[in-house]
Amino acid sequence: MTPRADSLTVEVVDLIGTVVVRYHEEYEHAAAEHSLTGAQARVLTLLSVEPLPMRKVAERLKCEPSNVTGIVDRLEARGLVERRPDPADRRVKLAAPTAEGARTAEALRTSLHFAREPLGKLTVAERTLLKELLQRMLGVAPE
């Protein structure tokens, strides 16, 4: 039997859950303003960081590759994404944002006020500490 979490841990978990829900709600709203689904917006945002094979997109988003293929097809039809050969292995196709796709991904990022505004109320030292704590929770090596 697992020991019960202390009340502070329960409260922190609840607060994290509230932040996640509010972030997803705002993300879905921002995506809709650009006539995108949340999944399309996530793929476009991911690709705006670097072009990726669709298999890698599926891994990062924790979904089936066939779902990513459909999402990329729809983004490509809208002129936001293109497929191109991977210079390292021409058998592999990379999904990459077009210029319009990159502009849309940036507009999505800047329209996420909930994601920025509460963090703006924290000092640089507090944001740095929060980042380090989140990285530690996730087992990510600090930069």
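Mentor: This is a predicted model. In the largest pocket, the largest share of the lining, eight residues, is supplied by helix 1.

Trainee: How many residues line the largest pocket, and which of them lie nearest its centre?

Mentor: The largest pocket holds about 760 Å³ of space. Helix 1, helix 6 (113-120) and helix 7 each give at least two residues to its lining. The lining numbers 20 residues, and nearest the centre lie I16, V19, L119, L130 and L134.

Trainee: By class, how many residues in the lining of the largest pocket are nonpolar?

Mentor: Leu, Ile and Val count as nonpolar, whereas Asp, Glu, Lys and Arg count as charged. On that basis the lining of the largest pocket has three charged residues, one polar residue and 16 nonpolar residues. The number asked for is 16.

Trainee: Which residues line the second largest pocket?

Mentor: The second largest pocket has a volume of about 290 Å³. Helix 1 again provides the largest share of a lining, here four residues. By class there are three nonpolar, one polar and one charged residues. The lining consists of V20, Y23, H24, Y27 and R42.

Trainee: Which helices each supply at least two residues of the nonpolar patch?

Mentor: The nonpolar surface patch of about 880 Å² is made by L8, V12, I16, V20, L119, L130, L134, M137, L138 and V140. Of these, V140 has its place in the segment after helix 7. The helices that each supply at least two residues are helix 1 (7-33) and helix 7 (124-138).

Trainee: Is V140 buried, partly exposed or exposed?

Mentor: A residue is buried under 20% relative accessible area and exposed over 50%, with partly exposed in between. The relative accessibility of V140 is 43%, so V140 is partly exposed.

Trainee: Turning to charge, which parts of the structure does the pair of R83 and D73 tie together?

Mentor: The side chains of R83 and D73 form a salt bridge, at 2.6 Å from N to O. R83 belongs to strand 2 (residues 81-86) and D73 to helix 4 (residues 65-77), so the pair joins parts 10 residues apart in sequence. The parts tied together are therefore strand 2 and helix 4.

Trainee: Which residues are linked with R83 in a network of salt bridges?

Mentor: R83 is partly exposed at 26% relative accessibility, and D73 is likewise partly exposed, with a relative accessible area of 37%. The network of salt bridges links R83 with D73 and E76.

Trainee: In the salt bridge of R91 with D89, how far apart are the closest N and O atoms?

Mentor: R91 is exposed, with a relative accessible area of 75%. The closest N and O atoms of R91 and D89 are 2.9 Å apart.

Trainee: By about how much of a helix are R109 and E106 separated?

Mentor: The side chains of R109 and E106 meet in a salt bridge at 4.0 Å, N to O. R109 has a relative accessible area of 35% and E106 one of 41%. The two are three residues apart in helix 5 (residues 99-110), so the separation of R109 and E106 is about one helical turn.

Trainee: How many salt bridges does the count come to?

Mentor: The rule asks for a side-chain nitrogen of Lys or Arg within 4 Å of a carboxyl oxygen of Asp or Glu. By this rule the salt bridges come to nine.

Notes. Residues are numbered from 1 along each chain as its sequence is written. This is a predicted model: local features need pLDDT of at least 70, side-chain atom pairs count only at pLDDT 80 or more; totals for chains, interfaces and linings use all residues. Side-chain values use heavy atoms; hydrogens and water are left out. Buried means under 20% relative accessible area, exposed over 50%, partly exposed in between (1.4 Å probe, protein chains only). Patches are made of residues with over 30% relative accessible area and no salt bridge: like charges are joined within 9 Å, nonpolar side chains (Val, Leu, Ile, Met, Phe, Trp, Tyr) within 5 Å. Accessible areas come from the Shrake-Rupley method with a 1.4 Å probe; for residues, only the protein chains shown count as cover. On a 1 Å grid over the protein atoms alone, a cavity is a set of points where a 1.4 Å probe fits but cannot get out, and a pocket is an open set with protein on both sides within 12 Å along at least five of seven lines; lining residues have an atom within 4 Å of a point. Grid points are joined across faces, edges and corners, and a volume is the space filled by probe spheres set on the points.
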